[in-house]
Amino acid sequence: MKHFICIFTIALVLVSCKGNDKIVLRSSVGKLNKVMVVANINDWNGDIGKEIRNSFGELVAGLPQPEATLSVSQIAPNGFNSVMKASRNILIIGEGSKDEFFVKKDAYAKPQTVVYLKGKTKQRTVALFKKHEKEIIDIFLAADLKMIQNVFAQTKLDDTQFKTLQNLGISLTLHDKFRTVDDTGEFLWLRHHLTSGIAKTGSNNIILYSLPLENEETVADSIVAVRNRIGKKYIPGSDPETMHMITEEAYTPSTFDAIIDGKKAFETRGKWEVKNDFMAGPFINYTIIDKKNNRIIVFEGFTYAPSINKRAFIFELEAIAKTMKIK
């Protein structure tokens, strides 16, 4: 599997429903975290395009190779034809009769997110984009998260088979490519082998466990120490006596506020490595404060995929984490 991208490339034909006047929208196409920008070439080569590329091109934290938050392609308005209108994420930007910014879902295909942004002048268009740039990025990322979660739900594993999830009172939407590495009742480790053609290119991994909530104020500061302790206990290298997973010592992880299942959480992105070995890769960690049960729940996804980009793999792990339900 090449991280499910092929799932999103399907027929491009509009079909009328029989017996009524409703239109069945064709299925949208496009890679994860990619936006097609509809703008004239002068705008794209000028300040408007520069602002878009700088904003969408901000690097994703924690990845070993530099990868933009959103990849972009550009097409002129006169080239925005029926085929192009099947793109899943679209930004239509330029000058108009008035300043306006709005979002339309499933305008030409489904699922689809189209962001419209117009300014009365080029300068107003740039200013309006700067005002809404974070919101626009969040709109496209949220749409892709929802889309991939819906795809995974179609092949959802029965998570009642995992002792640890049952003991912790947790459910997740896990697609059926994941296999159990370890399930002690207190610690769960799942692995999905990644492939390109018939060759294995690495793996996506999920680990999940809980710890007592001792001091809410120190949770964020202890994330690295906790994951190093868990790595030593549960995630060995090829020589378990001398090798185990740690947080890469040369790179400081980035931690952000987050919400998981309505609960306060911390999202941490960084790089892992195996002590005394050459294995390494990115991780995304959600440490969730479950006050009701006086505990913290830790969901971590990590990827091992040497020599290839990993943004889409980490995004898939993020999507799974955000399906979590806690009893």
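Colleague: Against which elements do the buried residues of H2 pack?

Modeller: This is a predicted model. In helix H2, which covers residues 47-56, the buried residues are Ile48, Gly49, Glu51, Ile52, Ser55 and Phe56. Seen down the axis of H2, these residues fall within an arc of 160°, so they line one face of the helix. The elements they pack against are strand E3 (34-38), helix H1 (41-45), strand E4 (71-75), strand E5 (89-95) and H3.

Colleague: Which element gives the most to the lining of the largest pocket?

Modeller: The largest pocket has a volume of about 750 Å³, and 25 residues line it. Two or more lining residues come from each of helix H3 (122-153), strand E13 (254-260), strand E14 (263-274) and helix H6 (311-321). With 7 residues, the element that gives the most is H3.

Colleague: Which residues lie nearest the centre of the largest pocket?

Modeller: By class, the lining of this pocket has 12 nonpolar, 3 polar and 10 charged residues. Nearest the centre of the pocket lie Thr69, Asp138, Leu141, Glu267 and Arg269.

Colleague: Which element provides the largest share of the largest nonpolar core?

Modeller: This core has 37 residues, of which Ile170, Leu174, Phe299 and Met324 touch the most other members. The elements that give two or more residues to the core are H3, helix H4 (163-168), strand E10 (187-196), strand E11 (199-212), E13, strand E15 (280-290), strand E16 (295-304) and H6. The largest share, 7 residues, comes from H6.

Colleague: Which residues does Leu174 touch, not counting residues up to four places away in sequence?

Modeller: Leu174 is one of the residues that touch the most other members of the largest nonpolar core. With residues up to four places away in sequence left out, Leu174 touches Thr155, Lys156, Leu157, Phe162, Leu190, Ile206 and Ile320.

Colleague: How many residues does the second, separate core have?

Modeller: Among the members of this second core are Trp189, Ile207, Tyr209 and Val226. The core is separate, and its number of residues is 22.

Colleague: How much space lies in the largest cavity?

Modeller: A search of the whole structure finds 1 cavity of 30 Å³ or more. Its lining consists of Tyr209, Val219, Ser222, Ile223, Val226, Asn285, Thr287, Ile296 and Val298, and helix H5 (223-234), E15 and E16 each give two or more residues to that lining. The lining residues divide into 6 nonpolar, 3 polar and no charged. The space in the largest cavity is about 50 Å³.

Colleague: Is Asp106 buried or partly exposed?

Modeller: Asp106 is also placed in the loop between E6 and E7. Its phi is near 55°, a positive value in a residue other than glycine. Buried would require under 20% relative accessible area. Asp106 has a relative accessible area of 26%, so it is partly exposed.

Colleague: What is the phi of Asn294?

Modeller: Asn294 has its place in the loop between E15 and E16. At 48% relative accessibility, Asn294 counts as partly exposed. Although Asn294 is not a glycine, its phi is positive, at about 50°.

Notes:
Residues are numbered from 1 along each chain as its sequence is written. This is a predicted model: local features need pLDDT of at least 70, side-chain atom pairs count only at pLDDT 80 or more; totals for chains, interfaces and linings use all residues. Side-chain values use heavy atoms; hydrogens and water are left out. On a 1 Å grid over the protein atoms alone, a cavity is a set of points where a 1.4 Å probe fits but cannot get out, and a pocket is an open set with protein on both sides within 12 Å along at least five of seven lines; lining residues have an atom within 4 Å of a point. Grid points are joined across faces, edges and corners, and a volume is the space filled by probe spheres set on the points. Helices (H or I, at least four residues) and strands (E, at least two) are DSSP runs, numbered from the N terminus. Ala, Val, Leu, Ile, Met, Phe, Trp, Tyr, Cys and Pro count as nonpolar, Asp, Glu, Lys and Arg as charged, and the others, Gly among them, as polar. Buried means under 20% relative accessible area, exposed over 50%, partly exposed in between (1.4 Å probe, protein chains only). The arc is that of the directions from the helix axis to the C-beta atoms. Contact means heavy atoms within 4.5 Å. A nonpolar core is a set of buried Ala, Val, Leu, Ile, Met, Phe, Trp, Tyr and Cys residues joined through side-chain atoms within 4.5 Å.
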